[in-house]
Structure formats: C-alpha cells, structure tokens
Amino acid sequence: MGDDHTSARPLRADARRNRERVLQIAQEALASDGLTISFDEIARRAGFGVGTVYRHFPTKEALFEAVLLGRIERFVADARAQSTAEDAGKAFFGWFSRVVEQASANQALCDMLESGSGMTFRPGSTLEDDFADALGRLLARAQRAGVVRRDLAAADVLDLLRGCLAAERRARARPGAVRMAAVICDGMRAKAD
C-alpha cells in the first residue's frame, strides 16, 4: 500500500516529520478540494518544494492511496465486523449512516467512492470489490431479518450511498439541514404488509 515507506533504513527524524506534514496537508486538501488537487498545491500548503512531496510519494496516486485507502479499508472492516452483529437491521443502517457521515465530510473520499478509481487493493481484487462484498453481506442479513426491502440489490444500495454522499454534502451547506442518510435509510426499510 502507498502508506508504507519501503526503504533499507528508517527515515531520519526530519524526513519523517516532512512526510507526516505532507500526509496531514494532503488529507486536509483532499477533504476540501477532492482528487483534483495538484502535487504543487499540496507542496505549497505544506511549505515545501514539490521535490519533497515526490521524495516521499513518487506519484499523485501513491499519495492519494496513502491518505484515502486506509479510510475505505476501515469502512470495509467495519462492515465485516457488523456482519455478525445480533441486530442485522441496526448493523446495516448504522454502517450506512456512519459511512455517509464520515465520507461526506471528505470530498476526495466521495470522489473515490463515486468513481471506484484508485481503489486497487491487492492483485486480483480491488477495494471497491471488497467494499461492495461487505455491503452485500450486511444487506443480505438485513433482508433475511425482514428489515430491509427485498427488492434492493447491493448495486442499488451502493448507488443510493453514492447519491446520499452528494446530497449530504449539499445539505451540510444549508442551515438546519435534514440528515440525508436517515431519509435514504427510511426508503430502504421493509414496509409492513
């Protein structure tokens, strides 16, 4: 993964501080500006020359991977952990709401979840596949428990999640905004016959 610094020797203290500063600034810049932010702009905001950024992260993708993939991996791990929860409905709706709450505050996470690009995880698999699989397991359990509509497929829920992220970002700009995740979750609930 891009967050690993592969070197025969450990980084000097100043290089380690520079790397951490680049990661911190990149995380802030990606959250506010999304995936369109440039290396030059990240270097400028960090107070470094662009060479310092390239020394630690040879490509823009490597830097973005170091900042973003860990966040998405945590969403996957959370979904997997919730897949054995006693209350399948609470696990599903809680996970969906947490992803929306956390990701909607970060434009780059929204961009990555929207496009799936850059979510390469390991050979033969992608983090996008792992994310969809973990979501699908939560969904299937909640549907078997009768709390989520049976006519929803995992791809539908992923599309609803993506749309909810965009709506949530816009709603946060309004005073007294309605929580979009709650509205979407209500729409996914199984209706009493």
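The model shown is predicted.

**View 1. Helices α4 and α5 pack together at an angle of about 170°.**
Helix α4 covers residues 60-82, and helix α5 covers residues 88-103. Their axes lie 10 Å apart. An angle of about 170° is over 145 degrees, so α4 and α5 are roughly antiparallel to each other. The crossing of α4 past α5 is right-handed. From α4, the contact draws on R71, F75, D78, A79 and Q82. From α5, it draws on A91, W95, R98, V99, Q102 and A103. Sorted by class, the residues of the contact of α4 with α5 are six nonpolar, two polar and three charged.

**View 2. Helices α1 and α2 cross at about 120°.**
Helix α1 runs over residues 13-33, and helix α2 over residues 39-46. The two axes are 9 Å apart. On the α1 side, the contact is formed by R21, V22, I25, A26, A29, S32 and D33. On the α2 side, I42, R45 and A46 take part. The residues of the contact of α1 with α2 comprise six nonpolar, one polar and three charged.

**View 3. R19 and E20 sit in helix α1.**
Which of the two is buried, and which is partly exposed? R19 has a relative accessible area of 6%. R19 is therefore buried, since buried means under 20%. E20 has a relative accessible area of 45%, so E20 is partly exposed. Each residue is paired here with a position further along the chain. R19 and F57 are 38 residues apart along the chain, and their C-alpha atoms are separated by 8.8 Å. E20 and H56 are 36 residues apart in sequence. In space, E20 and H56 are 9.8 Å apart, C-alpha to C-alpha.

**View 4. Residues 38-57 carry a "DNA-binding region" annotation in UniProt.**
The annotation comes from an unreviewed entry.

**View 5. Helices α7 and α8 cross at roughly 110°.**
Helix α7 spans residues 127-144, and helix α8 spans residues 154-172. Their axes come within 9 Å. At this angle, α7 is roughly perpendicular to α8. Helix α7 brings E128, F131, L135, G136 and L139 to the contact. Helix α8 brings A154, V157, L158, L161 and R162. Among the residues of the contact of α7 with α8, seven are nonpolar, one is polar and two are charged.

**View 6. The protein as a whole has nine helices and two strands.**
Read from the N terminus, the elements follow the order α-α-α-α-α-α-β-β-α-α-α. The protein has 193 residues, and 41% of these are buried. What share of the contacts with a separation of 6 or more comes from residues 24 or more positions apart? Such residues account for 66% of these contacts in the protein.

Technical notes: Residues numbered from 1 in each chain as written. Predicted model: local features only at pLDDT ≥ 70, side-chain atom pairs only at ≥ 80, totals over all residues. Heavy atoms only, no water. Axes fitted to C-alpha atoms, helices over the stretch in contact; angles between N-to-C directions. Helix = DSSP H or I, 4+ residues; strand = E, 2+ residues; numbered from the N terminus. Contact = heavy atoms within 4.5 Å. Nonpolar A, V, L, I, M, F, W, Y, C, P; charged D, E, K, R; others polar. UniProt positions renumbered as here; feature names shortened; annotations may be inferred. Buried < 20%, exposed > 50% of the residue type's maximum accessible area, 1.4 Å probe, protein only. Parallel < 35°, antiparallel > 145°, perpendicular 65-115°, else oblique. Left-handed = near helix turned anticlockwise from the far one by under 90°.
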